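Here are a few friendly notes to read alongside the picture. Take them one at a time and find each spot as you go.

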Amino acid sequence: MTYKLKYFNMRGRGEDIRLLFAAAGVKFTDERISNEDWPGVKDGTPWGQLPTLEINSATTRQTLAQSVAICRYIARKFSLTGANEWEAAKCDEYVDAVVDLFAEWVKFVFEPDADKKAKAKEAFVKVHMPAKLKKLNMLKASTYLRNENGGNFLVGKNLTWADIFIADKLERLETSVGPKVLDGYPHLRKLKEAVFNVDKIRAYLAARPEAAM
Ligand SMILES: N[C@@H](CCC(=O)N[C@@H](CS)C(=O)NCC(=O)O)C(=O)O
């Protein structure tokens with residue numbers, strides 16, 4: 001089986017996929033489409049968007065789109081969905097909550113009008129982000145108190161794709177909103193550090209290309 005991720009030369013909706021492959025120790029081709037080449041690629045993708053994942057074997061060629069579906073596919077295939085159906089469902093829950101937050105994030109990051117961008121950013125920083133991070137920090141604190149996994153991860157005893165997905169998005173908040181964004185959320189900072197400290201992930205991070213967002 002070979003895997004080819006097609007995405008732009010940025011972190012965005014592709015980096016969690018790259019991190020999942022890294023955590024699983026699985027090689028993949030990281031094809032980065034330039035803005036100039038994108039119009040020629042777009043119509044060949046299932047939804048006119050990236051990322052896509054091509055999965056090829058000697059006899060089959062398959063393409064999967066939608067970043068969260070791709071993450072979940074890799075997680076299932078390489079045992080990053082927790083220990084049972086319940087833990088898998090909790091991974092989905094946490095990921096969906098953070099997807100909701102990032103639906104608000106894109107509203108300010110990609111807004112071209114300066115006034116609208118400033119208003120959307122203020123709403124994100126003052127309302128949407130603290131509401132979600134407060135809840136997530138409390139959830140993480142409760143796994144810590146139950147001491148299920150030394151307090152390192154969100155679901156069950158081991159690293160799951162929810163931890164990886166969320167650590168990546170927390171880093172995105174630090175780079176787009178500010179480096180102190182996790183100051184009030186110590187359990188989330190600990191989660192991000194635990195994920196980024198997993199041997200295979202640490203090795204990937206040390207070697208990955210620079211990218212703006
Ligand atoms: N729901 C989709 C959204 C994909 C998406 O918005 N992709 C953007 C890049 S992050 C894209 O392809 N933009 C170029 C375009 O729409 O032409 C997913 O999660 O994969």
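**Notes on the ligand site and a helix pair**

1. Start with Gln66: an N or O atom in the side chain of Gln66 sits 2.6 Å from a nitrogen atom of the ligand. Please keep in mind that this is a predicted model.

2. Trp38 places a polar side-chain atom 3.0 Å from an oxygen atom of the ligand. For Gln49, an N or O atom of the side chain is 3.3 Å from a ligand oxygen atom. On its own the ligand has 510 Å² of accessible area, and the protein covers 73% of that.

3. Which residues are around the ligand? Besides Trp38, Gln49 and Gln66, the list holds Tyr7, Phe8, Arg13, Lys42, Gly48, Leu50, Pro51 and Ser67.

4. Now look at the backbone of Gln66. Its phi is positive, about 75 degrees, although Gln66 is not a glycine. Most residues other than glycine have a negative phi. You will find Gln66 in the loop between β4 (61-65) and α3.

5. The peptide bond that runs from Leu50 to Pro51 is cis, and its omega is near 15 degrees. Most peptide bonds are trans. Pro51 belongs to the loop between α2 (38-42) and β3 (52-56).

6. How do helices α1 and α3 pack? Helix α1 covers residues 15-24 and helix α3 covers residues 67-77; their axes are 9 Å apart, at an angle of about 5 degrees. The two helices are therefore roughly parallel to each other.

7. Finally, see where these helices touch. From α1 come Asp16, Ile17, Leu20 and Phe21, which meet Ser67, Ile70, Cys71 and Ile74 of α3. The contact is made up of 6 nonpolar residues, 1 polar and 1 charged. Ser67 is also one of the residues around the ligand.

Methods: Residues are numbered from 1 along each chain as its sequence is written. This is a predicted model: local features need pLDDT of at least 70, side-chain atom pairs count only at pLDDT 80 or more; totals for chains, interfaces and linings use all residues. Side-chain values use heavy atoms; hydrogens and water are left out. Axes are lines fitted to C-alpha atoms, for helices over the stretch in contact, and angles run from 0 to 180 degrees between N-to-C directions. Helices (H or I, at least four residues) and strands (E, at least two) are DSSP runs, numbered from the N terminus. Angles under 35 degrees count as roughly parallel, over 145 as roughly antiparallel, 65 to 115 as roughly perpendicular and the rest as oblique. Contact means heavy atoms within 4.5 Å. Ala, Val, Leu, Ile, Met, Phe, Trp, Tyr, Cys and Pro count as nonpolar, Asp, Glu, Lys and Arg as charged, and the others, Gly among them, as polar. A residue is near a molecule or strand if one of its heavy atoms lies within 4 Å of it. A polar contact is a pair of N or O atoms within 3.5 Å; within protein, one must be able to donate a hydrogen and the other to accept it, and residues adjacent in sequence count only if both atoms are side-chain atoms. Accessible areas come from the Shrake-Rupley method with a 1.4 Å probe; for residues, only the protein chains shown count as cover.
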